[in-house]
Amino acid sequence: MTSRRSRVRRVFLDIEPLRRDRDFRWLWAGQAVSGIGNQITRLALPYQVYSQTGSTLAIAALTFCQLVPILVFSLGAGSIVDSVDRRRLLRRTQVGLMICSGILVLLASQPSVPLIALFAVAFVSAGLGSLDQPARSSSIPRLVPAERLPAAIALGQLNFQLASVLGPALAGLLIATIGLPGAYLVDVLSFAASFLALFAISPLPPLAGAARPGLAAIREGLRFARQRRVILATYVIDLDAMIFGMPTSLFPALALDVFHAGPQGLGLLAAAPSVGALLGALLSGWVSSVRRVGLAVIVAVAIWGLAITLFGLSLFSFALAAMFLAIAGAADVLSAVFRQTIVQLAAPDRLRGRISAMNLLVVTSGPRIGDIEAAAVASLIGPQASVISGGVLCLLGLVAVVRRFPELARHDHATPMPDAPVELDEPAAGA
């Protein structure tokens with residue numbers, strides 16, 4: 001009986017952080033609700049742009065407007081996160097994000113909406129997200145003990161994937177029934193859960209010795225990441241997967257013009273990767289027993305690239321295409337759990353905001369660059385060829401990453417990482 005229970009625990013998600021860590025439970029629950037609203041807007045906004053223009057290039061332009069503030073502000077945002085109370089910062093960013101969603105409600109209610117207005121809201125919202133996400137991610141190791149951190153990371157992935165399944169599916173239903181203004185309004189209302197959670201948890205002030213925000217703090221974080229080649233490898237391998245293998249920007253064109261499935265089909269197509277990722281997260285109890293986490297990342301990315309290629313070859317069948325997207329999603333969530341475990345365990349708390357900002361810069365900008373790449377290629381050779389070529393390039397890029405960073409395949413998380421060099425906080429010699 002004992003061995004049977006042990007096997008079950010190794011298969012299913014470990015929920016100990018939710019049971020034993022009060023503040024983590026509050027933060028997780030608040031994000032579970034507000035994350036669904038965020039995913040509704042994430043689908044509704046490109047749908048609105050494509051419906052007005054009928055152009056994948058217009059979606060690429062929208063994605064570019066969301067990418068620029070992430071690239072410009074993320075590193076500086078990380079240094080701010082390390083120097084202020086993270087709970088207070090999250091309260092302020094959530095207010096700003098709620099206002100952005102409220103503006104979208106007003107814009108969608110107008111008979112004619114200039115694209116520049118939608119792009120401006122997307123720009124501001126992405127800039128606020130470049131502060132919100134590192135603050136949220138770097139707070140987790142403060143809310144749970146080190147032995148429960150991998151489980152907390154997996155729970156965070158479950159949270160995100162659950163929102164990514166329900167959000168797009170709900171968005172398609174809302175757009176088809178009550179229209180775009182109603183869809184955006186649901187997002188606005190969902191922020192109430194986030195505010196409740198942020199008022200319930202304890203303050204998260206900076207620890208002793210925290211760096212002051214600025215260029216020196218940014219350089220310190222960059223030096224640390226550069227000296228940890230296994231961290232760099234996790235960044236590069238994720239960029240390879242997302243830039244070449246991310247077909248999200250093509251979903252409106254595929255749903256409306258290839259499958260002729262309407263907004264409901266768009267919602268289902270967008271939700272398919274998250275359905276697989278949700279199942280992967282639910283069955284992730286075994287990941288804590290994997291020691292060669294770097295090799296696990298490589299295998300997961302290989303499965304992702306192959307599944308995306310097969311998705312592109314299966315556009316004759318909506319069900320088959322959705323199945324391959326689900327397989328890709330399952331591989332992606334496991335890659336994320338393993339990569340975040342490597343990054344979080346390698347970073348000391350005083351640098352965690354900056355390291356989290358760099359990690360989130362990669363995981364947020366990579367898919368957006370991939371959306372631009374996929375949309376641009378689709379405008380030249382069509383959406384199906386764009387998907388297939390992206391999957392193949394992802395696999396070829398994976399081979400290059402493994403050759404360039406052989407330490408990733410050898411990385412064993414059971415082996416302690418070396419301490420950060422003591423001179424990190426000092427100017428480099430000759431500076």
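The paragraphs below lead through this structure from the whole fold to a few single residues.

This is a predicted model, in which local features need pLDDT of at least 70, side-chain atom pairs count only at pLDDT 80 or more, and totals for chains, interfaces and linings use all residues. Residues are numbered from 1 along each chain as its sequence is written, and side-chain values use heavy atoms, with hydrogens and water left out.

The secondary structure comprises 17 helices and 0 strands, where helices (H or I, at least four residues) and strands (E, at least two) are DSSP runs numbered from the N terminus. For a protein of 431 residues, a compact globule would have a radius of gyration near 22 Å, and the value of 21 Å found here agrees with that; the radius is taken over C-alpha atoms, and the globule rule is 2.2 Å times the number of residues to the power 0.38. Along the principal axes, the C-alpha atoms fill a box of roughly 60 × 60 × 40 Å.

Of the 431 residues, 56% count as buried, a term that means under 20% relative accessible area, with exposed meaning over 50% and partly exposed lying in between (1.4 Å probe, protein chains only). Among contacts (heavy atoms within 4.5 Å) with a separation of 6 or more, 88% join residues 24 or more positions apart. The protein exposes about 18200 Å², of which carbon and sulfur atoms supply 67%; these areas come from the Shrake-Rupley method with a 1.4 Å probe, and for residues only the protein chains shown count as cover.

Helix α15 covers residues 349–381, and its 33 residues should span 48 Å at 1.5 Å a residue, which agrees with the 47 Å between its end C-alpha atoms; the expected span is 1.5 Å times one less than the number of residues. Because 24 of those 33 residues are buried, α15 is largely enclosed by the rest of the structure. Just after this helix, G382 takes a positive phi of about 95 degrees.

R352 is one of the residues of α15, and at 10% relative accessibility it counts as buried. Leaving aside neighbours within four places in sequence, R352 is in contact with D82, S138, P141, Q344 and A347. The C-alpha atoms of R352 and S79 are separated by 9.4 Å, although these residues are 273 residues apart along the chain.

F324 belongs to helix α14, residues 318–346, and is buried, with a relative accessible area of 14%. Beyond its neighbours within four places in sequence, F324 is in contact with A307, L310, F311 and S314.

G54 is partly exposed, with a relative accessible area of 48%, and its C-alpha atom is 9.4 Å from that of P252, a residue 198 residues apart from G54 in sequence.
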